[in-house]
Amino acid sequence: MYLNTKLYARVHELAEQLMQSAQKEDDEAFEALYSELKAICTDNEALDTNHPVQWEALADFTPDYQEALELYKKALQLAVDGKERDIESSIYFSMASLHGELGEKEQALEYLAEAERSAKRSADKELISDIKDLKEFLMDD
């Protein structure tokens, strides 16, 4: 699985702009940027450039929780198929976080266990720390 540098840069740029728009509560800009990111995902879906990073980014900014979970599942399948372990861990973590927000502790802990398992092969210390923190939070709850 190959992620084109230009595509990655654009997805990353859109994610940053989406964060800024959300912080400013600029719904019009957010919707335009979200639509562009969604178009990138759908345009690349049947191509070699289809990559879990773009779907994970889209899920991160999808306001509907159920739709976001479906997008995470799509990203996860691509990550598993492409043996993208760091991305796989990140997606599992995002899914665990979302289930935690929904009050679905059991499901959150299941995804968190998968994130922890796949992160054992990761060099991403920040993600490993985030997984540990979320686990502690969910266990204390």
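1. Asp 26 sits in the loop between helix H1 (5–24) and helix H2 (27–44); helices are DSSP runs of H or I with at least four residues, numbered from the N terminus. Its relative accessibility of 34% makes Asp 26 partly exposed (buried is under 20% relative accessible area, exposed over 50%, partly exposed in between; 1.4 Å probe, protein chains only).

2. This is a predicted model: local features need pLDDT of at least 70, side-chain atom pairs count only at pLDDT 80 or more, and totals for chains, interfaces and linings use all residues. Residues are numbered from 1 along each chain as its sequence is written, and side-chain values use heavy atoms, with hydrogens and water left out.

3. Nine salt bridges are counted (a side-chain nitrogen of Lys or Arg within 4 Å of a carboxyl oxygen of Asp or Glu). One of them joins Glu 45 and Lys 74 at 2.6 Å, N to O. Glu 45 lies in the loop between H2 and helix H3 (52–60) and Lys 74 in helix H4 (residues 65–81), so the pair ties together parts 29 residues apart in sequence.

4. Arg 10 and Glu 13 also form a salt bridge (2.9 Å, N to O). They are three residues apart in helix H1, about one helical turn.

5. Three aromatic pairs are counted (ring centres of Phe, Tyr and Trp, its six-membered ring, within 6.5 Å; planes under 30 degrees apart are stacked, over 60 edge-to-face, the rest tilted). The ring centres of Tyr 92 and Tyr 111 are 6.2 Å apart with planes at 35°, so this pair is tilted. Both Tyr 92 and Tyr 111 are buried.

Technical notes:
Helices (H or I, at least four residues) and strands (E, at least two) are DSSP runs, numbered from the N terminus.
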